[in-house]
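Look over the structure first, then read on.

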Amino acid sequence: MASGNKSTGAERREKLRKEFWRDEDAWTGENEKGWFRAPRTLPLLLALLGEKNLSRNQDPTKVYVELLARHIDGGVIEMGHEGDDAFAAGYDGPRGVRTWQERMKTLERLGLIKTRHVGNQDFKYVLLVHPTIAIQRLREAGKVPDHWWDAYRARQLETKEATHEMRIATKRSPKVVSLQTEPVYVKKVAGRKA
């Protein structure tokens, strides 16, 4: 590690930014509010979701990104007014809500989300299914082409993203951590202690 808390890679990128874009206000994500977490494999996932043979000409990528942006924590989103959600995903006008609802159904059919209907609101609560799990299920159903799968797996290895097998193994056998006196069982999820 380099000086302070920054890695040598972070220091190098900071030098590049100062050298080439000194006067620009760069998006760093540091000390920011109003941003969301996403897997580093998100661009590949969006490319897969946009495939016509998978989405049946109802590309749900804008709706999925809007759901990720709306998510705060815990994997659950409490949806607001469907008209606002549709507009935020890029659908407005008389058919906006209907188009958004169709894309939500596509995401649910593909296994990326699960929803709960409450009162007159079809999508009151939304659960974001972990993308690794959803993609594995699509792969097992024969809906993921080999060339895409290979690129996805390579990106997972590059970014050290937990594979489907790692997530399943972690759920089955919690890690034992010793804290001076008695062992404490800690469930490890996606590289973090929960």
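Start with Arg-103, which counts as buried at 13% relative accessibility. Buried means under 20% relative accessible area, exposed means over 50%, and partly exposed lies in between (1.4 Å probe, protein chains only). The side chain of Arg-103 meets that of Glu-102 in a salt bridge, 3.3 Å from N to O. A salt bridge here is a side-chain nitrogen of Lys or Arg within 4 Å of a carboxyl oxygen of Asp or Glu.

This is a predicted model: local features need pLDDT of at least 70, side-chain atom pairs count only at pLDDT 80 or more, and totals for chains, interfaces and linings use all residues. Residues are numbered from 1 along each chain as its sequence is written, and side-chain values use heavy atoms, with hydrogens and water left out.

**Salt bridges**

How many salt bridges does a search of the whole structure find? It finds 8. Three of them, including the one above, are listed here.

| Pair | N to O distance |
|---|---|
| Glu-102 and Arg-103 | 3.3 Å |
| Glu-14 and Lys-18 | 3.0 Å |
| Arg-70 and Glu-66 | 2.7 Å |

Take Glu-14 and Lys-18. They sit 4 residues apart in helix H1 (residues 8–20), so about one helical turn separates them. Helices are DSSP runs of H or I with at least four residues, strands are runs of E with at least two, and both are numbered from the N terminus. Glu-14 is buried, at 19% relative accessibility. Lys-18 is partly exposed, at 41%.

Now take Arg-70 and Glu-66. This pair is 4 residues apart in helix H4 (residues 61–70), so about one helical turn lies between them. Arg-70 is partly exposed at 29% relative accessibility, while Glu-66 is buried at 9%. The pair also belongs to a network of salt bridges that links Glu-66, Arg-70 and Asp-85.

**A charge without a salt bridge**

Where is Glu-161? It lies in the loop between helix H8 (146–159) and helix H9 (164–172). Glu-161 is buried, yet it has no salt bridge. Its nearest side chain of opposite charge, Arg-155, is 7.3 Å away. Lys and Arg count as positive, Asp and Glu as negative; His and the chain ends are not counted.

What does the side chain of Glu-161 join in a polar contact? The partner is the side chain of Thr-132, at 3.2 Å. A polar contact is a pair of N or O atoms within 3.5 Å; within protein, one must be able to donate a hydrogen and the other to accept it, and residues adjacent in sequence count only if both atoms are side-chain atoms.

Leaving out residues up to four places away in sequence, Glu-161 touches Pro-39, Arg-40, Thr-41, Thr-132, Tyr-152 and Gln-156. Contact means heavy atoms within 4.5 Å.
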